[in-house]
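Please look at the structure below before reading on.

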Amino acid sequence: MLKQILSKLPRKSPKSDQLDEINSGSNNSNFSNGSQCTNGGNGLSSRLSVVKRVSSAVFPSSIMAGVEAVEPHLSFKDVSNTQKQNLFVSKLNLCCEVSDFSDSDKVTAEQDLKRQTLIELADFVSSGSAKFTEPAISAMCKMCSLNLFRVFPPKCRSNGTGGETEDEEPMFDPAWSHLQIVYDLLLRFVSYGSLDVKVAKKYVDHLFIVRLLDLFDSEDPRERDCLKTVLHRIYGKFMAHRQFIRQAVCNIIYRFVFETERHNGIAELLEIFGSIISGFALPLKEEHKIFLCRALIPLHKPKSVGIYHQQLTYCVVQFIDKDPKLATNAIKGLLKYWPVTNSQKELMFISELEEVLEMTSMAEFQKIMVPLFRRIGCCLNSSHYQVAERAHLLWNNEHILNLVTHNRQVIIPLVFPALERNTQNHWNQAVLNLTQNVRKILCEMDEELVQACKRKLEEENSTLSVAAERRKLTWERLESAASFQPSADYIIAPVKPATCSVAC
């Protein structure tokens with residue numbers, strides 16, 4: 001009777017016992033025997049062709065649904081072609097483990113193993129053998145997110161007002177040996193020719209892009225350079241995300257200009273936008289014009305504009321090349337944010353102004369020439385000799401000289417007084433020589449107008465001298481009146497208040 005009851009109980013199959021033994025053995029040898037798994041000879045490779053199970057911590061069920069998990073420490077050479085794709089996903093999930101690089105002198109075996117695995121993945125993708133199915137795309141995005149996306153500690157930020165300065169030594173991330181390979185993998189992934197964009201955009205979503213943009217604040221210039229290439233490829237590959245990327249970059253610029261004035265990656269973001277603007281279709285959308293007026297032009301305001309001014313100038317010039325009517329907005333913006341006490345910044349503005357004027361048509365120039373040449377006149381009189389020299393050199397530009405020639409009746413009266421003041425008062429001999437050259441150009445352009453301006457200036461000077469003499473006489477009379485001492489007969493003695501005889 002007892003035997004009959006025991007015979008009805010379920011028994012554990014011997015096949016499952018064998019698989020459990022294989023599984024436990026493989027898990028115990030993940031790190032200790034990782035190097036032996038790739039160089040074991042023919043006998044070992046025949047055994048390694050067996051598909052093995054690994055822990056669910058390395059291969060989440062959501063990603064590995066319907067995918068056979070392969071031991072991640074195997075080499076791609078040691079598995080069959082049908083198993084290479086599963087091994088690719090297994091290795092990606094193995095690299096999701098983030099290493100600690102806070103101690104640069106301590107390099108663990110796990111870090112070396114992870115780096116070798118990342119190199120294997122990069123080589124496998126570059127060989128063209130990888131197939132980015134949905135599980136592979138999911139695993140790739142997860143691995144990149146866990147390794148790349150991080151919050152930068154405030155204590156590692158620059159003490160300056162604008163992030164990195166030109167004289168400041170850059171800070172290098174101690175984990176760059178791993179991060180570089182991850183960035184290389186991400187770049188190869190988004191550039192892969194057979195990548196299904198419709199499937200990939202489910203994982204390279206808005207949150208992924210926002211966190212990628214946050215990394216542009218890294219103090220490591222190598223990381224920002226990699227990010228620049230990756231973001232540009234994403235912008236070109238994922239057309240559905242283009243508007244979102246532009247708006248997200250706008251938000252970064254707004255926060256930088258109007259709130260913090262602290263960001264390390266403005267130059268790289270503008271460099272990306274330089275190529276993006278050159279690809280805008282005509283006529284320009286209103287969204288693009290708003291980006292110029294509300295994002296690019298206010299970028300002239302921060303003190304750290306010198307770090308990214310070259311890229312900013314290129315973006316502004318690209319906009320004017322697309323739509324010449326935007327030159328007026330650009331020049332008005334320059335005049336609005338024109339520096340008053342920062343001579344180095346003023347030099348950059350004059351250089352940008354020259355590039356913008358080269359792209360400016362006659363009609364747009366006439367709308368802005370009066371306030372523009374009032375500002376140029378101030379620069380001609382600058383006591384900083386480099387600013388004064390740079391302003392005089394504008395007249396050597398043929399296009400600007402042509403614009404001035406056609407509008408000389410308005411422009412010469414604006415700048416001639418500044419040239420005369422330089423002749424009389426400026427301390428620098430090089431500026432004096434440049435002033436004489438500009439006066440000669442104006443005389444050749446319209447000598448009669450120059451003489452009329454000279455006579456008018458002499459009349460104004462004589463009027464000012466007469467007014468100054470009157471003020472001097474008035475002050476002398478006031479001083480003599482103040483120094484007059486009245487006689488004692490006309491001095492009234494002060495009356496003392498009567499004292500109260502009743503005690504209160």
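H16 and H18 are roughly parallel to each other; angles under 35 degrees count as roughly parallel, over 145 as roughly antiparallel, 65 to 115 as roughly perpendicular and the rest as oblique. This is a predicted model, in which local features need pLDDT of at least 70 and side-chain atom pairs count only at pLDDT 80 or more, while totals for chains, interfaces and linings use all residues. Residues are numbered from 1 along each chain as its sequence is written, and side-chain values use heavy atoms, with hydrogens and water left out.

**Helix pairs**

Helices (H or I, at least four residues) and strands (E, at least two) are DSSP runs, numbered from the N terminus. The protein chain has 22 helices and 0 strands. Axes are lines fitted to C-alpha atoms, for helices over the stretch in contact, and angles run from 0 to 180 degrees between N-to-C directions. A crossing is left-handed if the near helix is turned anticlockwise from the far one by less than a right angle, and right-handed if clockwise.

| Pair | Angle | Axes | Crossing |
|---|---|---|---|
| H16 (residues 327-336) and H18 (residues 362-380) | roughly 15° | within 10 Å | left-handed |
| H11 (residues 221-237) and H13 (residues 266-278) | about 30° | 9 Å apart | right-handed |
| H17 and H18 | about 150° | 13 Å apart | left-handed |

Contact means heavy atoms within 4.5 Å. In the pair of H16 and H18, the axes cross at roughly 15°. H16 contributes Thr-328, Ile-331, Lys-332 and Leu-335 to the contact, and H18 contributes Glu-364, Lys-367, Ile-368, Pro-371, Leu-372 and Arg-375.

Which residues of H16 are buried? They are Ala-327, Thr-328, Ala-330, Ile-331, Gly-333 and Leu-334. Buried means under 20% relative accessible area, exposed over 50%, partly exposed in between (1.4 Å probe, protein chains only). Their cover includes helix H15 (305-322), helix H17 (343-358) and H18.

H17 and H18 pack at an angle of about 150°, so they are roughly antiparallel to each other. Their contact is made by Glu-346, Ile-350, Leu-353 and Leu-357 of H17, with Phe-365, Leu-372, Ile-376 and Cys-379 on the H18 side.

H11 and H13 pack at about 30°. That angle makes H11 roughly parallel to H13. On H11, the contact residues are Arg-224, Lys-228, Leu-231, His-232 and Tyr-235. On H13, they are Glu-268, Leu-269, Glu-271, Ile-272, Ser-275 and Ile-276.

**Core**

Buried residues make up 43% of the 504 residues in the protein chain. A nonpolar core is a set of buried Ala, Val, Leu, Ile, Met, Phe, Trp, Tyr and Cys residues joined through side-chain atoms within 4.5 Å. The largest such core has 126 residues. Phe-88, Phe-132, Met-143, Phe-189, Leu-296, Leu-299 and Phe-373 touch the most other members. Helix H8 (residues 176-190) supplies the largest share of this core, 9 residues.

What does Phe-88 contact, leaving aside its neighbours within four places in sequence? Its partners are Phe-76, Leu-121, Phe-124, Val-125, Ala-130, Phe-132, Ala-136 and Met-140.

**Links across the sequence**

Of the contacts in the protein chain with a separation of 6 or more, 75% join residues 24 or more positions apart. Val-317 lies in helix H15 and is buried, with a relative accessible area of 13%. Val-317 and Glu-355 are 38 residues apart in sequence and 7.2 Å apart in space, C-alpha to C-alpha. Not counting residues up to four places away in sequence, Val-317 touches Glu-355 and Met-359.

Pro-170 sits in the loop between helix H7 (134-148) and H8. Pro-170 is partly exposed, at 26% relative accessibility. Pro-170 and Asp-220 are 50 residues apart in sequence, yet 6.3 Å apart in space, C-alpha to C-alpha.

**Backbone details**

Most residues other than glycine have a negative phi, and most peptide bonds are trans. The bond from Leu-282 to Pro-283 is cis, with omega near -5°. Pro-283 is in the loop between H13 and helix H14 (286-296). Glu-261 has a positive phi, near 55°, and is found in the loop between helix H12 (242-260) and H13.

**Confidence**

pLDDT is the predictor's confidence in each residue, from 0 to 100. The chain's mean pLDDT is 83, and 78% of its residues reach 70 or more. Over residues 12-66 the pLDDT is below 50, and this stretch has 62 contacts in the model beyond near neighbours in sequence. Residues 156-162 also have pLDDT below 50, with 22 contacts beyond near neighbours in sequence.
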